[in-house]
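I opened the model to see how the chain is put together. These are my notes, in the order I looked things up.

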Amino acid sequence: MINAFLKRAGIAVLLIIAASTLTFALVAAAPGNVAALMAERAAGPNASAELVAKIADELGLNDPLPVRYLNWLGNAVRGDFGVSLRSGKPLSVEFAERIPVTATLLLGGGTIAFLISLSFGVAGAISNGGALDNALRAVSLVGASTPNFFVAAVLVIVFAVTLGWLPSFGGGGGLSSWILPWITASILPASVLSRVVRVNLQEAMSRPFATTGFAKGLTRGGVVVQEALPTIAVPFLTTFGAQFALMMVASIVVETVFALRGVGAFFIEVIRFRDFISMQAILLLFVVFFVVTNLVVDTICLLIDPRIRRRRA
């Protein structure tokens, strides 16, 4: 168990290093001159070439690309991501203000997606081709096919503008201000996960243990919940981890629509401002989030399924 975890953690570290290298190279190759942007901000559009050269030397932009990467990665590991060209604040300060907002969005949306997907999948498996199963399948198909920005617009028009039940801006008005952002972020993963639960439960109900459950006198609902549901824990958690990681990408849209001051909205701001230093830091944060999320899911699967431990061993 420990050896399997250490091996998976080692792979995760290598993935972060490889992804950070690619991220740094792509941003470094993007058109634009960071030193010129900073000089223009400091001295106006008529900034001298000497000032540009001085800033470039201070930032190490004249160093070879591998040296710049190692310095950047070393500083990032110590929590020093540089200074945002857009706000003038250290990025560590920006992240301290914005990460809690994004974390609240992801945790709330992930919890809703977890509960809805299990409820829809189990209800559909119990109905098994009935009217409820067909209705839930249709709802899941629509939810999985609808983009986040459209869902957000519909929710705002209906519940904020027309009915006036909820605020249209998230985060600032207590728990009620988070309801629309959470629902928007959870629709797509909940729809995908509900189909995963439904399909895996249908396959599990054809196995011998399900027949044994019926022989014991259990109803179909009892067999689904007591016998079949525990067997799909690994595929469900694996898919949930992937969808939860993708919610970080969805947060870019959700935070922008609902005016949340999170990391996703900050990413859009720095792209518009051509703030390459912040772009590198945020992309690195995204990479670490993806890899760590999958590492946590793999670890949970190792703990709950002895077959995976034997296979890894």
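**Helices.** I took helices (H or I, at least four residues) and strands (E, at least two) as DSSP runs, numbered from the N terminus. This is a predicted model, where local features need pLDDT of at least 70, side-chain atom pairs count only at pLDDT 80 or more, and totals for chains, interfaces and linings use all residues. Residues are numbered from 1 along each chain as its sequence is written, and side-chain values use heavy atoms, with hydrogens and water left out.

I counted 14 helices and zero strands in the protein chain. I then looked up contacts, meaning heavy atoms within 4.5 Å. Among contacts with a separation of 6 or more, 71% join residues 24 or more positions apart.

**Burial and cores.** The chain has 313 residues, and 40% of them count as buried.

Next came nonpolar cores, which are sets of buried Ala, Val, Leu, Ile, Met, Phe, Trp, Tyr and Cys residues joined through side-chain atoms within 4.5 Å. The largest has 60 residues. Phe 81, Leu 91, Leu 201, Phe 258, Phe 267, Ile 282 and Phe 286 have the most contacts inside it. I followed Phe 286 and found that it touches Met 248, Ile 252, Val 263 and Phe 267, leaving out residues up to four places away in sequence. A second, separate core has five residues, including Ala 12, Ile 16, Val 291 and Leu 295.

**Cavity.** I searched for cavities on a 1 Å grid over the protein atoms alone; a cavity is a set of points where a 1.4 Å probe fits but cannot get out, and lining residues have an atom within 4 Å of a point. Grid points are joined across faces, edges and corners, and a volume is the space filled by probe spheres set on the points.

The search gave one cavity of 30 Å³ or more. Which helices supply at least two residues each of the lining? They are α5 (91-127), α6 (131-145) and α8 (176-204). The most comes from α6, with four residues. Among the lining residues are Asp 133, Arg 137, Arg 195 and Arg 198. I sorted the lining into two nonpolar, three polar and four charged residues (Ala, Val, Leu, Ile, Met, Phe, Trp, Tyr, Cys and Pro are nonpolar, Asp, Glu, Lys and Arg charged, the others, Gly among them, polar).

**Aromatic pairs.** I found 13 in the whole structure. Rings of Phe, Tyr and Trp (its six-membered ring) pair if their centres lie within 6.5 Å; planes under 30 degrees apart are stacked, over 60 edge-to-face, the rest tilted. Phe 114 and Phe 236 are edge-to-face, at 5.3 Å centre to centre and 65 degrees between the planes. Phe 114 lies in α5 and Phe 236 in α11 (residues 233-257), so the pair ties together parts 122 residues apart in sequence. Phe 114 is partly exposed at 29%, whereas Phe 236 is buried at 5%.

**Loops.** Most residues other than glycine have a negative phi. I noted Ala 259, with a positive phi of about 55 degrees, in the loop between α11 and α12. Leu 260 is in that loop too, and is buried at 4% relative accessibility. Its C-alpha is 7.5 Å from that of Phe 169, 91 residues apart in sequence.

Notes:
Buried means under 20% relative accessible area, exposed over 50%, partly exposed in between (1.4 Å probe, protein chains only). On a 1 Å grid over the protein atoms alone, a cavity is a set of points where a 1.4 Å probe fits but cannot get out, and a pocket is an open set with protein on both sides within 12 Å along at least five of seven lines; lining residues have an atom within 4 Å of a point.
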